[in-house]
Amino acid sequence: MSGKTVHDLQEMKARGERIVMVTAYDYPSARCAQEAGVDVILVGDSLGNVVLGYETTIPVRLEDMLRHVSAVTRAEGPAHVVCDMPFMTYQVSAEEALRNAARLVQEGGAQSVKLEGGEAFAPTVRRIVEAGIPVMAHIGLTPQSVHRLGGYRVQGRSAEAARRLLEDALALQDAGAYSLVLEAVPWQLAAEITRRLRIPTIGIGAGAGCDGQVLVFHDLVGYSFGTPAKFVRRYADVRQVVTEALRRFGEDVRRGAYPGDAERYSMKDEEWRRLQAEIGGEGDGA
Ligand code: KIV
């Protein structure tokens, strides 16, 4: 085990060092994240939207996460790897949640798991943590509850909703969560929650007052489709680079410019003549 531990991440908060988190879903993206020196790789269930082409994260299954977290953890490096628990793998009972969390750690190699939900999930968090698996919690906009929330909207705008989020955050910390994702929350409220917690907060659409920031890999590198959320900053245009590379490949194949002489295997003339005699061929092998 080489990645940062949950204690390393908590010490970063104590030292006032910001935590860098990014999602990854496969070996090459995880290798890039490791080489770039990020602190935490999240194998997010956003896998459903950005890789599997679903509209929401709801269809993502435990088996999907297991396959992808295994690929990510084969890319070793300094980052902590946390894996999302997908919809309905932790909501039914704490026991079932523990069994599923254990699979992500035991079979998938994750160092911790993340689950969405507030105070109502505190007993589940406690059960998983007591069994030895660190839990990152996630409140605010929780995409698995998109149908109840009525869409992907900013959360915590009213006094009641803000108080609820604060209570959720404290309850999850008390239950043993080692960190908390705050998604789509006004920056003032996110900063206040961050100030009141011992554990690090990781923001996504929650302003700069959180202890760390996370973005979805494909949004960050410009390899996603659709209109990006307000908080997304694109650091590259990979979609354009990939599409252009594929277009040029197609052009080269169609005009016979690929493969060239340096891109083919060959054998010595005499070897080929001997082989040709044996197989009864007549062509010139060009
Ligand atoms: O699944 C995911 O990518 C997430 C992040 C948005 C925090 O949960």
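The model is predicted, so to speak of a local feature requires pLDDT of at least 70, side-chain atom pairs count only at pLDDT 80 or more, and totals for chains, interfaces and linings use all residues. Residues are numbered from 1 along each chain as its sequence is written, and side-chain values use heavy atoms, with hydrogens and water left out.

Helix α2 spans residues 27–35; helices here are DSSP runs of H or I with at least four residues, strands are runs of E with at least two, and both are numbered from the N terminus. Its buried residues (under 20% relative accessible area, with exposed meaning over 50% and partly exposed in between, for a 1.4 Å probe and protein chains only) are S29, A30, A33 and Q34. Viewed down the axis of α2, they fall within an arc of 140°, so they line one face of the helix. That arc is taken from the directions from the helix axis to the C-beta atoms. Packed against the buried residues of α2 are β1 (19–23), β2 (40–43), α4 and α10 (217–220). Just after α2 comes G37, which takes a positive phi of about 80°.

Helix α4 (residues 62–73) in turn packs on helix α5 (residues 94–106), at an angle of about 25° and with the axes 9 Å apart. Axes are lines fitted to C-alpha atoms, for helices over the stretch in contact, and angles run from 0 to 180 degrees between N-to-C directions. The two helices are therefore roughly parallel to each other; that label goes to angles under 35 degrees, with over 145 roughly antiparallel, 65 to 115 roughly perpendicular and the rest oblique. On the α4 side, L62, E63, M65, L66 and V69 meet N100, R103 and L104 of α5. By type, the residues of this contact divide into five nonpolar, one polar and two charged. Here Ala, Val, Leu, Ile, Met, Phe, Trp, Tyr, Cys and Pro count as nonpolar, Asp, Glu, Lys and Arg as charged, and the others, Gly among them, as polar.

R103 sits in α5 and counts as partly exposed, at 28% relative accessibility. Setting aside residues up to four places away in sequence, R103 touches L62, E63, L66 and G108, where contact means heavy atoms within 4.5 Å.

α5 also packs against helix α6 (residues 122–130), at about 45° and with axes 9 Å apart. That makes α5 oblique to α6. A94, E95, A97, L98 and A101 of α5 make this contact with T124, R127 and I128 of α6.

T194 itself has a relative accessible area of 6%. Leaving aside neighbours within four places in sequence, T194 is in contact with K13, L182, T201, G209, C210 and D211.
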